[in-house]
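Here is a short briefing on one protein chain. Take a look at the model, then work through the points by topic.

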Amino acid sequence: HTAAGAEVIREGELEKRSDSLFQLWKKKLVVLTKDSLSLFPDGHKRAKGKELGFGSILKVDCVERTGKYIYFTIVTKDRKEIDFRCPDQSCWNASITMALIDFQNKRAIQDFKSRQEMEQAAGTGYQ
């Protein structure tokens, strides 16, 4: 479980392209929750994972299918691109995209509600 104890939607293996010169693909254990994607090195959850909160992710981009792999890129709000690949049948890109869309929808609804509440508090809301 992640620190917040968020429910896990999916857990499994993904390959991430390293930032190094050789751009090697490294296997990561990936845990997807409603709020984030956590990556653990070498398939061990004991190690310190890197958490990508959905609040900092812009979109899942450039989905490409080549033979046995699906390649996709997660673009963060500060324009960082993180490349992943997964076996064709695993559809990890779809799982991540759906979770991200759910998160963004919920956030949009919350923003809308808090705007309405602020307007009503200010006395400008329509009765």
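Leu-37 has Leu-52, in S4, as its bridge partner. That pair belongs to an antiparallel pairing of S3 with strand S4 (residues 50-53), made over 4 bridges. The model is predicted. Its chain has 1 helix and 7 strands.

**Overall layout**

- Read from the N terminus, the elements run β-β-β-β-β-β-β-α.
- The chain has 127 residues, and buried residues make up 34% of them.
- The accessible surface of the chain is about 8,400 Å². Carbon and sulfur atoms account for 52% of that surface.
- Residues 24 or more positions apart account for 34% of them.

**Strand S3 and its partners**

- S3 pairs with S4, as the lead sentences say. S3 is also joined to S2, by 5 bridges.
- S2 and S3 run antiparallel. They form a hairpin, with 2 residues between them.
- Within this pairing, Lys-28 stands opposite Pro-41 in S3.
- How many of the 6 residues of S3 are buried? The count is 5, so S3 is largely enclosed by the rest of the structure.
- In a regular strand, side chains alternate between the two faces of the sheet.

**Salt bridges**

- Side chains of opposite charge can pair when their charged atoms come close. The structure holds 6 salt bridges.
- One of them joins the side chains of Lys-34 and Glu-7, at 3.3 Å from N to O. This pair links distant parts of the chain, 27 residues apart. Lys-34 sits in the loop between strand S2 (25-33) and strand S3 (36-41), while Glu-7 is in the segment before strand S1 (8-17).
- Lys-34 is partly exposed, with a relative accessible area of 36%.
- Another salt bridge joins Lys-27 and Glu-15, whose closest N and O atoms are 3.9 Å apart. This pair also links distant parts of the chain: Lys-27 lies in strand S2 and Glu-15 in strand S1, 12 residues apart.
- Are Lys-27 and Glu-15 buried or partly exposed? Lys-27 is partly exposed, at 46% relative accessibility. Glu-15 has a relative accessible area of 11%, so it counts as buried.
- Arg-85 belongs to this group too: Glu-15, Lys-27 and Arg-85 are linked in a network of salt bridges.
- The side chains of Asp-61 and Lys-59 also meet in a salt bridge, at 3.6 Å from N to O. Asp-61 is partly exposed at 25% relative accessibility, and Lys-59 is partly exposed at 36%.

**Around Thr-73**

- Where is Thr-73? Thr-73 lies in strand S6, which covers residues 69-76.
- Thr-73 has 7% relative accessibility, so it counts as buried. The cut-off for buried is under 20%.
- The side chain of Thr-73 makes a polar contact with the side chain of Asp-83, at 2.8 Å.
- Leave aside residues up to four places away in sequence. Thr-73 then touches Lys-59, Val-60, Asp-61, Cys-62, Glu-81, Ile-82 and Asp-83.

**The loop between S1 and S2**

- Leu-21, Phe-22 and Leu-24 form a nonpolar patch on the surface. Together they have about 410 Å² of accessible area.
- Leu-24 is in the loop between S1 and S2. Its relative accessible area is 45%, so Leu-24 is partly exposed.
- Gln-23 lies in the loop between S1 and S2 as well. Gln-23 is partly exposed, with a relative accessible area of 42%.

**Positive phi angles**

- Most residues other than glycine have a negative phi.
- Gln-23 is not a glycine, yet its phi is positive, near 50°.
- Arg-79 is not a glycine either, and has a positive phi of about 65°.
- Where is Arg-79? Arg-79 is in the loop between S6 and strand S7 (81-87).
- Arg-79 counts as exposed, at 61% relative accessibility.

How values were computed:
Residues are numbered from 1 along each chain as its sequence is written. This is a predicted model: local features need pLDDT of at least 70, side-chain atom pairs count only at pLDDT 80 or more; totals for chains, interfaces and linings use all residues. Side-chain values use heavy atoms; hydrogens and water are left out. A salt bridge is a side-chain nitrogen of Lys or Arg within 4 Å of a carboxyl oxygen of Asp or Glu. Buried means under 20% relative accessible area, exposed over 50%, partly exposed in between (1.4 Å probe, protein chains only). A polar contact is a pair of N or O atoms within 3.5 Å; within protein, one must be able to donate a hydrogen and the other to accept it, and residues adjacent in sequence count only if both atoms are side-chain atoms. Contact means heavy atoms within 4.5 Å. Patches are made of residues with over 30% relative accessible area and no salt bridge: like charges are joined within 9 Å, nonpolar side chains (Val, Leu, Ile, Met, Phe, Trp, Tyr) within 5 Å. Accessible areas come from the Shrake-Rupley method with a 1.4 Å probe; for residues, only the protein chains shown count as cover. Two strands pair if DSSP finds at least two bridges between them.
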